[in-house]
Amino acid sequence: MPEPLFRTPKGTHDVLPEDHQYHTYIKKVVRHRCRQAGYTRIDPPMFEHKGVFERGIGEHTDIVEKELFTVTGKRPSANSEQAPSEDREAREYALRPEFPAGICRAYIEHGMQQLPQPVELYSIGQCFRYDRPQKGRYRQFHQFDLEVIGLRDPSLDAQLIHVLTKILSDLRILDRLTLQMNNIGTAENRKAYMEALKDFFIGKERQLPEDDQRRLKINPLRLLDSKEEDTRILIKNAPKLEQFLDDESKTYHETLLEYLQELGVTSVPNPSLVRGLDYYCQTVFEFWDSSTGAQNAVGGGGRYDGLIELLGGKPTPGVGFAGGMERMIWHMKEAGVQAPNKDQVDVFVAQLGPEAKKQCLPLVSQLRDLGVHTLGALGEASLKSQMRLADKFESRYTLLLGKMEVKENTIILRDMKAGKQKQMAFKDAVPEVIKLLGKENLDTYVLRDHVGEE
Ligand code: HAM
């Protein structure tokens, strides 16, 4: 094959039909479990004013500092001072690196505090982070996201986590993962702790790698989940966040763990788990690959009681989670989970001669309308090569209409797997195909309204 002129940009990939089966299945499971639990769908735009993310996620987080994709929108006018305000504004957009900041902006903008609380929302879609691409880390990736906004109670955190375990269990990957849990206390608790950490590192700064020296100045909490060996050794003797938690935070966490136990959800305490976004308080959690024990999370989340206020709303608590769909698909494949193939070709219609082709066109159309995935009546190829095509498409049945059959008003129905065929009256072909496939397996979105939904 010649070298293609263009390839996908670094860190992005085409979602090819075979992978779409997994995407479609995950979306279906998420929708199903979310609806059962009273969540309704929201899709914030793929880009927002940069400030939504800067304020929401935090200016000094990796996501905002290094990974934000800014969008220029329009080409700036020659004289930017005189550029229309919309033009100036357009230069301040960024592609969404995650969902909650946009969803909370929408909660405020649409006055959702007037609705019965909590407001439970979910979303599914692409996110963008300008990170260094590697296995499982892309510049464009897919997340599903669940948010519970408006009330603060450990039972809500527990219910959210329970829904997630249901989703992961439906995807048949829950047993490959461990739920890592921590409580990072209130903003005041963390402030006191960060001071203690800074004190601890006085005189030891030079032993830290450059990046972590910077973190120590800006957000020392991030040293806890540093991947650098030198930092990890030093941090072992540092004061622990746990010692700085107030009684309310401790009780909140204990109650949450009790509720999770009631729901049959097992978790592992992880005092180093702090998460990389500034908006979290109290509960934080991640689902990790249990085999490697590495920090290779398929999803993570936590409580963010200050986020809505940061974005200009009234103080409103919230808790949420996002799952990385590419990483989940990787696990499904590793576990040998086959996503149902919704693109299976049921019937291939082969024909020979102008009369047969004429009859085939409405036959194909009728089968499709009835919910049978049908291909055929394509070109002028011989019956033999059309049969080979039917084989390549892995069609379950083939309907054959040659010159002879047209004359006799019959048609041949061939079961491709069994290699058997029979001749029948032309008018009997459709009812016979439907009988063989089973009415319940037809792809009719009027009857089964979830099929094919985006
Ligand atoms: P996060 O931990 O940044 O949290 O991302 C959640 C999941 O998205 C990760 O565990 C991972 O599976 C996937 N993910 C993140 N970055 C990438 C990437 N570059 N390539 C592939 N997959 C990736 C959040 O995004 C929070 N907004 C979660 C949340 C929702 N908290 C409250 N509500």
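The second largest cavity is lined by Y107, I108, Q113, I308, G313, K314 and T316. On a 1 Å grid over the protein atoms alone, a cavity is a set of points where a 1.4 Å probe fits but cannot get out, and lining residues have an atom within 4 Å of a point. This is a predicted model, in which local features need pLDDT of at least 70 and side-chain atom pairs count only at pLDDT 80 or more, while totals for chains, interfaces and linings use all residues. Residues are numbered from 1 along each chain as its sequence is written, and side-chain values use heavy atoms, with hydrogens and water left out.

**Cavities and a pocket**

The search of the whole structure finds two cavities of 30 Å³ or more. A pocket, by contrast, is an open set of grid points with protein on both sides within 12 Å along at least five of seven lines. Grid points are joined across faces, edges and corners, and a volume is the space filled by probe spheres set on the points. In the table, Ala, Val, Leu, Ile, Met, Phe, Trp, Tyr, Cys and Pro count as nonpolar, Asp, Glu, Lys and Arg as charged, and the others, Gly among them, as polar.

| Space | Volume | Lining residues by class |
|---|---|---|
| Largest cavity | about 90 Å³ | one nonpolar, three polar, five charged |
| Second largest cavity | about 30 Å³ | three nonpolar, three polar, one charged |
| Second largest pocket | about 500 Å³ | 13 nonpolar, six polar, seven charged |

The lining of the largest cavity consists of H60, T61, D62, E65, R214, R215, I218, N219 and R222. Helices α3 (62-65) and α8 (210-218) each contribute at least two residues to this lining, and α8 gives the most, with three. Helices (H or I, at least four residues) and strands (E, at least two) are DSSP runs, numbered from the N terminus.

The second largest pocket has a volume of about 500 Å³. Among its 26 lining residues, A187, R190, D278, Y279 and Y280 are the closest to its centre. Two or more lining residues come from each of α2 (50-57), α7 (187-201) and α11 (307-310), and α7 has the largest share, four residues.

**The sheet**

Eight strands form an open sheet with mixed pairing, in the order β1-β5-β6-β11-β10-β9-β7-β8. Strands β1 (40-41) and β8 (268-269) stand at the edges with a single partner strand each, so one side of each has no neighbour in the sheet. Two strands pair if DSSP finds at least two bridges between them. The antiparallel strands β9 (residues 281-289) and β10 (residues 297-303) are joined by six bridges, and E286 has G300 in β10 as its bridge partner.

**Two helices in contact**

Helix α1 (residues 17-36) packs against helix α12 (residues 325-334) at an angle of about 110°, with the axes 10 Å apart. Axes are lines fitted to C-alpha atoms, for helices over the stretch in contact, and angles run from 0 to 180 degrees between N-to-C directions. The two helices, α1 and α12, are therefore roughly perpendicular (65 to 115 degrees). Contact means heavy atoms within 4.5 Å; D19, Y22, H23, Y25, I26 and K27 in α1 meet M325, E326, M328, I329, M332 and K333 in α12. Seven nonpolar, one polar and four charged residues make up this contact.

**Backbone exceptions**

Most residues other than glycine have a negative phi, and most peptide bonds are trans. R275, in the loop between β8 and β9, has a positive phi of about 70° although it is not a glycine. The peptide bond from Q117 to P118 is cis, with omega near 0°, and P118 is found in the loop between α5 (100-109) and β5 (119-128).

How values were computed: Parallel < 35°, antiparallel > 145°, perpendicular 65-115°, else oblique.
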